[in-house]
Amino acid sequence: MSRRDQITMTPDERRAFLDDARDLQVASLNADGTPHLVTMWYVRDGEDLLFWTYGKSQKVVNVRRDPRIAVLVATGEEYEQLRGVSVNGTATVIDDRDTVLAIGERIFEKYWGPITSEDVRAGVHEPTAHLDRLVRGDATRHAEHDATSG
C-alpha cells in the first residue's frame with residue numbers, strides 16, 4: 001500500500017473531519033488573476049461547504065465574476081498531527097434571505113452552540129443587514145490527507 005493510500009481519508013472520515021474542523025481557507029480569483037485568500041467559518045451541506053459573508057465583500061465580487069474557488073480545511077500543530085481536506089470547485093452566491101438566515105443559524109450553532117431563545121435568534125438575524133450572502137462551494141475534486149494514519 002502506498003503512503004498516499006495510507007493517508008487518504010474515506011468519504012465518511014472526510015465528512016466527519018469537515019463537520020468537526022473550524023476554519024475554512026477560501027481562495028477566489030481577483031480580476032487580475034491573483035488569489036484572494038481569506039479564512040471563513042462554515043458548515044457542510046452534503047458534499048458542499050457554505051459560508052456567510054458580506055454581499056459587497058471581495059470574495060463575493062470575485063465569485064460573481066469567476067466562480068472557481070479552492071478551499072482548505074487543515075488541523076494539526078506538528079507534522080505527525082496534520083490532517084486536511086482541499087476542495088476545488090465552483091461557488092454560487094446565494095441571495096435568498098430565508099436561506100441565508102437558515103444557514104446563518106447553522107453556522108452560529110456550530111461555533112457558539114444551540115440557539116436557546118427567540119432573543120438569541122433575533123441576535124443571529126440582526127447582522128444579516130450586512131452579513132447578507134451565502135457562498136456555496138460545489139466540490140468538483142477533493143484531496144485529503146491524514147498524517148495520523150498509517
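**Figure 1. Leu24 of strand S1 faces Met40 of strand S2.** In this predicted model, Leu24 stands opposite Met40 in S2. Strand S1 spans residues 24-29, and strand S2 spans residues 35-40. The two strands run antiparallel and are joined by 6 bridges. Between them, the hairpin has 5 residues, and Gly33 takes a positive phi near 90°.

Figure 2. The covered face of S1 carries Leu24, Val26 and Ser28, whereas Gln25, Ala27 and Leu29 make up the uncovered face. S1 also pairs with strand S5 (residues 68-75), in the antiparallel sense and over 3 bridges. In this pairing, Val26 of the covered face stands opposite Val71 in S5.

Figure 3. Leu49 is found in strand S4 and has a relative accessible area of 6%. This residue is classed as buried because its value falls under 20%. When residues up to four places away in sequence are not counted, Leu49 touches Leu18, Leu24, Tyr42, Val43, Arg44, Val71, Val135, Arg136 and Gly137. Gly137 is 88 residues from Leu49 in sequence, yet the two C-alpha atoms are 5.2 Å apart in space.

Figure 4. With a relative accessibility of 1%, Thr53 counts as buried. Its side chain makes a polar contact with the side chain of Ser57 at 3.4 Å. A further polar contact joins the side chain of Thr53 to that of Lys59, at 3.2 Å.

**Figure 5. The salt bridge between Asp12 and Arg15 in helix H2.** Side chains of opposite charge can pair when their charged atoms come close. The closest N and O atoms of Asp12 and Arg15 are 2.6 Å apart, and the two residues form a salt bridge. Both lie in helix H2 (residues 11-20), where they are 3 residues apart, about one turn of the helix. Asp12 is exposed, with a relative accessible area of 54%, while Arg15 is partly exposed at 23%.

Figure 6. In total, the structure holds 9 salt bridges. One of them links Arg121 to Glu118, with the closest N and O atoms 3.3 Å apart. Glu118 is exposed at 55% relative accessibility, and Arg121 is partly exposed at 25%. The pair lies in helix H5 (residues 118-125), with a spacing of 3 residues, about one turn of the helix. Elsewhere, salt bridges that share partners join Asp12, Arg14, Arg15 and Glu47 into one network.

**Figure 7. The salt bridge between Asp66 and Arg68.** The side chains of Asp66 and Arg68 meet in a salt bridge, at 2.8 Å from N to O. Asp66 has a relative accessible area of 17%. That value is under 20%, and Asp66 is therefore counted as buried.

Conventions: Residues are numbered from 1 along each chain as its sequence is written. This is a predicted model: local features need pLDDT of at least 70, side-chain atom pairs count only at pLDDT 80 or more; totals for chains, interfaces and linings use all residues. Side-chain values use heavy atoms; hydrogens and water are left out. A salt bridge is a side-chain nitrogen of Lys or Arg within 4 Å of a carboxyl oxygen of Asp or Glu. Helices (H or I, at least four residues) and strands (E, at least two) are DSSP runs, numbered from the N terminus. Buried means under 20% relative accessible area, exposed over 50%, partly exposed in between (1.4 Å probe, protein chains only). A polar contact is a pair of N or O atoms within 3.5 Å; within protein, one must be able to donate a hydrogen and the other to accept it, and residues adjacent in sequence count only if both atoms are side-chain atoms. Two strands pair if DSSP finds at least two bridges between them. Contact means heavy atoms within 4.5 Å.
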